[in-house]
Amino acid sequence: MSNIQKKSRDFTYLFLITILLYNLHSNLELNYSIYDKTPINSIYIFNFFAVLFFIISSRLNIAQKLVNPLTFFILLTVIKMLAVIIFFIYYNNESSYDIKIVAHNFFPVYFLLLSFEIFSLKKTFNNI
């Protein structure tokens with residue numbers, strides 16, 4: 001397998017997993033939800049770009065050897081948690097959404113994509 005294919009494999013998997021989860025989630029919400037509309041588009045866009053940023057910046061850190069990978073992982077995790085807090089503050093201030101419903105729809109997606117993120121960086125963690 002060429003070097004470009006190896007590097008883009010995680011991004012392809014991330015994209016496919018996100019699309020599949022989104023389709024499943026939107027169909028479940030459309031057919032079985034008793035709640036008002038939830039911002040699942042925003043939830044998936046936020047999580048996709050958060051994981052994408054995390055993987056790209058981690059790979060750049062590994063290539064450039066700027067910081068210890070474990071330190072960089074912790075720093076990016078703190079930044080991601082702050083971004084999640086800002087995300088929830090925004091939807092808490094917006095009166096059209098119930099924050100409990102947003103949280104119930106947000107965190108399963110967040111943890112599934114977080115698991116993908118950790119598995120994609122597994123080789124990096126093994127080298128620490």
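Author: Buried means under 20% relative accessible area, exposed over 50%, partly exposed in between (1.4 Å probe, protein chains only). This model is predicted, so local features need pLDDT of at least 70, side-chain atom pairs count only at pLDDT 80 or more, and totals for chains, interfaces and linings use all residues. Residues are numbered from 1 along each chain as its sequence is written, and side-chain values use heavy atoms, without hydrogens and water.

Reader: Is T18 buried or exposed?
Author: T18 lies in helix α1, residues 3-32. Helices are DSSP runs (H or I, at least four residues), numbered from the N terminus. At 7% relative accessibility, T18 counts as buried.

Reader: Which residues does T18 touch, not counting residues up to four places away in sequence?
Author: Contact means heavy atoms within 4.5 Å. With residues up to four places away left out, T18 touches Y44, F48 and L113.

Reader: Which residues are buried in α4?
Author: Helix α4 covers residues 99-120. In α4, the buried residues are I101, V102, A103, N105, F106, V109, Y110, L113, L114, F116, E117 and S120.

Reader: How is α3 oriented to α4?
Author: The axes of α3 (residues 69-93) and α4, lines fitted to C-alpha atoms over the stretch in contact, come within 11 Å and cross at roughly 160 degrees. Because angles over 145 degrees count that way, α3 and α4 are roughly antiparallel.

Reader: How many residues of the contact of α3 with α4 are nonpolar?
Author: F73 and K80 are among the α3 residues that meet α4, and F106 and E117 among those in α4. One contact residue is polar and two are charged. The nonpolar ones (Ala, Val, Leu, Ile, Met, Phe, Trp, Tyr, Cys and Pro) number 14.

Methods: Axes are lines fitted to C-alpha atoms, for helices over the stretch in contact, and angles run from 0 to 180 degrees between N-to-C directions. Helices (H or I, at least four residues) and strands (E, at least two) are DSSP runs, numbered from the N terminus. Angles under 35 degrees count as roughly parallel, over 145 as roughly antiparallel, 65 to 115 as roughly perpendicular and the rest as oblique.
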